[in-house]
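Me: I have a structure here that is new to me. Can you walk me through some of it?

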Amino acid sequence: EEGIARNLVGDKVPARPRSDGSQLPILLTQPSTFAVMLWLNKVIRPGMRIVDVGGASGISYWHYRNYFTIPQDVTWTVVDMPHIIARGRALAAIGGAQNIEFTEDLDALDEYDVVVSLGCVQYMSPKAFQTFRKAAARAKVVIINKMPLIDGAEFWTLQSLQTTFTPYWIANRQDFIGQL
């Protein structure tokens with residue numbers, strides 16, 4: 001888990017790219033991530049509670065904050081694995097983030113307005129997906145990105161994450177949407 005945390009989170013607060021194009025965060029080079037930031041900008045309002053499932057160091061928070069204003073009373077809670085959360089907390093302290101929190105336990109969160117999951121759902125065990133599904137049902141807005149969906153039968157495969165291999169769910173589109 002530490003190897004994944006090091007590769008996924010790193011040790012630096014994501015910065016807004018300079019005008020010469022250097023330091024462009026990899027996530028913002030992907031059109032799907034840009035679209036998510038625009039959708040978030042349409043829904044985030046003062047007092048909202050956002051839950052970012054699989055949010056690593058709060059990468060979506062940092063990118064959003066680099067391009068849009070987050071009202072001070074918005075709470076952005078990242079749910080992830082312990083080693084990743086530890087790195088996220090350290091980066092939040094370095095970067096002076098005041099409205100971001102971290103937890104391992106999605107079940108412990110009972111009130112929120114927005115659930116975001118960008119490239120995480122396909123790694124969830126069936127039990128974890130049921131917890132996610134319940135959380136999504138309680139939210140006013142759900143944004144899921146990078147979930148591989150097909151029109152055929154669902155299946156599981158393995159994906160290499162450099163330091164390990166992990167199960168990876170390819171879901172049936174109709175069933176997945178129906179379950180949510």
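Me: Let's start with Asp151. Is Asp151 buried or exposed?
Reply: Asp151 is exposed, with a relative accessible area of 64%. Exposed means over 50% relative accessible area, buried under 20%, and partly exposed in between (1.4 Å probe, protein chains only).

Me: What kind of model am I looking at, and how do the numbers work?
Reply: This is a predicted model, in which local features need pLDDT of at least 70 and side-chain atom pairs count only at pLDDT 80 or more, while totals for chains, interfaces and linings use all residues. Residues are numbered from 1 along each chain as its sequence is written, and side-chain values use heavy atoms, with hydrogens and water left out.

Me: Back to Asp151. Which side chain does Asp151 meet in a salt bridge?
Reply: Asp151 meets the side chain of Arg173, at 3.0 Å from N to O. Here a salt bridge is a side-chain nitrogen of Lys or Arg within 4 Å of a carboxyl oxygen of Asp or Glu.

Me: Where do the two sit in the chain?
Reply: Asp151 is in the loop between β6 (149-150) and β7 (155-160), and Arg173 is in helix α6 (residues 173-179). They are 22 residues apart, and the pair links distant parts of the chain. Helices (H or I, at least four residues) and strands (E, at least two) are DSSP runs, numbered from the N terminus.

Me: How many salt bridges does the structure hold?
Reply: The structure holds four.

Me: Which residues are linked in a network of them?
Reply: Arg49, Glu111, Asp113 and Lys140 are linked that way.

Me: Take Arg49 and Glu111. What is the distance between their closest N and O atoms?
Reply: Those atoms are 3.0 Å apart in the salt bridge between Arg49 and Glu111.

Me: What about Arg49 and Asp113?
Reply: Arg49 also forms a salt bridge with Asp113, with the closest N and O atoms 3.0 Å apart. Asp113 lies in the loop between β3 and β4 while Arg49 is in strand β1, so this pair ties together parts 64 residues apart in sequence.

Me: Which of the three are buried or exposed?
Reply: Asp113 is buried, at 4% relative accessible area. Glu111 is exposed at 53%, and Arg49 is partly exposed at 27%.

Me: New topic: where is Ile59?
Reply: Ile59 is found in helix α3 (residues 59-67), and counts as partly exposed at 22% relative accessibility.
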